[in-house]
Structure formats: structure tokens, C-alpha cells
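Hello,

Here is the structure I promised to pass on to you. Please have a look at it first, and then read my notes below.

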Amino acid sequence: MLRPNMHYKELKDSYLFYNIAQKTKAYLEAHPGTHLYRMGIGDVSLPLCDAVIRALHEGVDDQAHQASFHGYMPECGAPFLREVIAAHYRKRGIMISEEEVFVSGGASDELGDILDLFDKESSALIMEPAYPAYVDANVIAGRKIIHLSAGEWNGFLPEPCQEAAEAGLIYICSPNNPTGASFSREQLAQWVSFANETGAVILFDAAYEAFIEDETIPHSIFEIKGAGTCAIEICSLSKTAGFTGTRLGYTVIPETLERNGMNFREMWVRNRTTKTNGISYILQKGGAAVFSEEGQRQIRENIRYYKENAAVLMKALDSLGIWYCGGKNAPYIWMKCPEGMGSWDFFDHLLNEIQVVGTPGEGFGSCGEGYFRFSTFGDREETKEAAKRLIGLFG
Ligand code: PLP
């Protein structure tokens, strides 16, 4: 007899963005014609850079001629893209081969799919506040979740602890969404030794590595000695290169990552060849252009624009004496709600008083209550106006 996956019943309603949309809709209905300053959305606002657009056009033209036409692409990624990604790592001193790089349709897809590699009995450690998909993907899989709370006391960067010792999977997102906090080399090294000791595997989400400014913060878990035997790195071109709507990412699984005589890289090859038929040739052409010299220069210009937005908001919060983290090495700023306000009260207050929309921290886990996330992916003039309005309200 068919039984549905009953774990879907255990999913909490994803009310966060729904609630935000409902509240802003109601406000606009009550105040027609009002402009809202949207500092909540984690989506980019700048278009793809020229180098990528040119490569995408070339990809389309290639598909128009029999001599350059591509049908199904290799399931683990086009060799031309796997090679430039591996070379990009090697330039940073991380010696990986193209066989250890897998091209994906984005980090979200991969964060869900990668769970196929692990037994359901292995529990997952999720440091909260967290990107909501980590929790939901594990609930759907029926896996036990260990929630590890972070807070101001540890700079939103938890250390290995007793609770973590029974975890099979350890999620680390650095720079973090939503807090923008980034693990130092020493802090990551602690997690790497811990995982090697306990036998856990770290799923390192590097979706925001390109936003790191501080040269001492690692961009990749593989900068840490010992990570080759305990980590998988999941990367995305979404925020790095504006691919949120174009969709492309990549994952690194070292050849040396094994448990119980099983090699995870080989398992992932088997998984991809079963479950995918590869990523579009055209998109992979566009993706390869990101790693060219010109592409790197152009994506950095876009990232600089978002970093300048962050500077505008950080300056406003500094002048108000409001506690926050993030912004410096991440496109998110995580602030403490002033005057002891709760996350949703603060959301309503900003919407009603200054027409600024952000994201209530409580939506990323209960320890996010009392905090608020600003995204810096918006338009410069809008960001400036939002900052001015914040100063006007709390100054
Ligand atoms: N990981 C984190 C931490 C994110 O914040 C996001 C998107 O916001 C993703 C992964 C998903 O990225 P992608 O667009 O590549 O699916």
C-alpha cells in the first residue's frame, strides 16, 4: 500500500516570506501609492556582467550549428567548467582536481540532493539562526535535527560542544545567512578537528564567500588542514555573479572523503549519473566566463556596489549605537532590535513609520527573536533613503 512521506506533516509552515508579503500588501492597500524601501529580499538587483552575457550568447549560437551543437551534457558537469573551477581553487592554494568538482543547478538544489549520500539515522547539526532550507530538507528526509543556538555571546559563531558530538552531519554557513557572521581560520579549524574526531561530515555552505573582505577569513573550508577528510563544500554563482535567476552552482567533494569504506565522491558520481542529465550547455558556458580574468573583475565591481550599500547601512547603525554583526564580510546585516522590541514588532514599526521592509530574525530560528536582517542587495539610492529614515526614527 502506498504511504506518503509523512515527514511532510512535521514541516513548519514557511510563514516568514509569506507573512512579510501579506503585511506589505495590507499596508499598500491601506496606503495606496506609498513607496516601500525593500531591504528584506536576498536577491540581487544588478544584471549579469558583460563577460557572462557574451558567453551566454555564444552558447546560444553554438546550439544553432550542427558542428558546435551540444546535446546531453556530462552529468557531473562540462569538463571545460569543472577545469576552470578547479583552477580557481588552485590559484588560492587549494589543490583539487576537476574530478572533485561537480556542477550543479544552484546551492539550494544541491543542499537537498546531497542528503542522498547519508543514512537517515545520521542526525544533522544546524547552527541557528539558519537558512531555513537546512531544517526543512532534513525534516523531509526524516532525519533527527540537533539545533545549536547562537547569540551575541558567541558572536553568532558556535564552537564545537557536547551536543554536537552525536551529529553525523554538521552544517556550517560562513559567511552566514542571516547573521553575516564569518568563522575565523581558528574557529573553522576547531570544527574540522572535531568532525575528524567524531567521524561527522561538514556540509560547508560557501554561497557568500565572494563577499569576504577580511583577508584572514577563509573563503573555503579546504583552506583548513584536515578538511579533505571531513568536508563537502557547496557553492553558488547566485550571489557571487548574479545567477539567482540563471541558476548555476558547484560542489567540491574531495577524493579523500570516506566513511565505512565508502567514497563520497564516487557515490556522488553514481548519484548524479542516476538522477540528472546534466546542466544546460548554455548556462555552463556563461558560468565558465565568471572564472575568466574579465569575469572576475566584473563580478567584483558588482560585489563592490553591494558592499557600499552595506557601508551605508552600517554607518547609520553605528551612528545610532545599535548592535549588529555582518555587513563587512557578507551581504547581510543582522541588527539587534532597539528598545527590546521583538522581531515582528520591529518589522511593523519600520513598515508603518518609515516604510522600510526588512526580515524578522525570528524567521530563522527561535534564537533570532529580537533581531532583524537587512539585505544589501538593493538599489543604492533606496538603501541611502532607508538609512536616512532609520536615523530619523531612532536618532
Ligand atoms: N545557501 C544560502 C546560505 C543561501 O542564502 C542561499 C540563497 O539565498 C542558497 C544557499 C541558495 O542559493 P542558490 O540560489 O544557488 O540556490
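Helices (H or I, at least four residues) and strands (E, at least two) are DSSP runs, numbered from the N terminus. This is a predicted model, in which local features need pLDDT of at least 70, side-chain atom pairs count only at pLDDT 80 or more, and totals for chains, interfaces and linings use all residues. Residues are numbered from 1 along each chain as its sequence is written, and side-chain values use heavy atoms, with hydrogens and water left out.

Let me begin with the aromatic rings. Rings of Phe, Tyr and Trp (its six-membered ring) pair if their centres lie within 6.5 Å; planes under 30 degrees apart count as stacked, over 60 as edge-to-face and the rest as tilted. By this rule there are 23 aromatic pairs. One of them is edge-to-face because the rings of W191 and F194 have centres 5.7 Å apart and planes at 85 degrees. You will find W191 and F194 in helix α6 (residues 185–198), three residues apart, about one turn of the helix. Both W191 and F194 are buried (under 20% relative accessible area, with exposed over 50% and partly exposed in between, for a 1.4 Å probe and protein chains only).

For F346 and F372, the ring centres are 4.8 Å apart and the planes stand at 90 degrees, so this pair is edge-to-face. F346 belongs to helix α11 (residues 343–354) and F372 to strand β15 (residues 371–375), so the pair ties together parts that are 26 residues apart in sequence. Both F346 and F372 are buried. There is also an aromatic cluster made of Y208, F211, Y305, Y306, Y332 and F377.

The charged end of R82 is over the ring of F102, 5.4 Å from its centre, and R92 lies over the face of Y89, at 5.7 Å from the ring centre.

On a 1 Å grid over the protein atoms alone, a cavity is a set of points where a 1.4 Å probe fits but cannot get out, and a pocket is an open set with protein on both sides within 12 Å along at least five of seven lines; lining residues have an atom within 4 Å of a point. Grid points are joined across faces, edges and corners, and a volume is the space filled by probe spheres set on the points.

The largest pocket holds about 1100 Å³ of space. Its lining has 47 residues, and A130, Y131, P132, G363 and F364 lie nearest the centre. Elements giving two or more residues to this lining are α1 (15–30), α4 (107–113), α5 (132–141) and α7 (238–241). The second largest pocket has about 190 Å³, and α5 gives the most to its lining, with three residues.

How many cavities of 30 Å³ or more does the structure hold? There are two. The largest cavity has a volume of about 110 Å³; of the 18 residues that line the largest cavity, M127, E128, P129, C173 and N176 are the closest to its centre. β3 (124–128) and β5 (169–173) each supply at least two residues of that lining. The second largest cavity has about 50 Å³ of space, and its lining residues include K239, T240 and Y306.

Best wishes

Note on methods:
A charge sits over a ring if NZ of Lys or CZ of Arg is within 6 Å of the ring centre and within 35 degrees of the ring normal.
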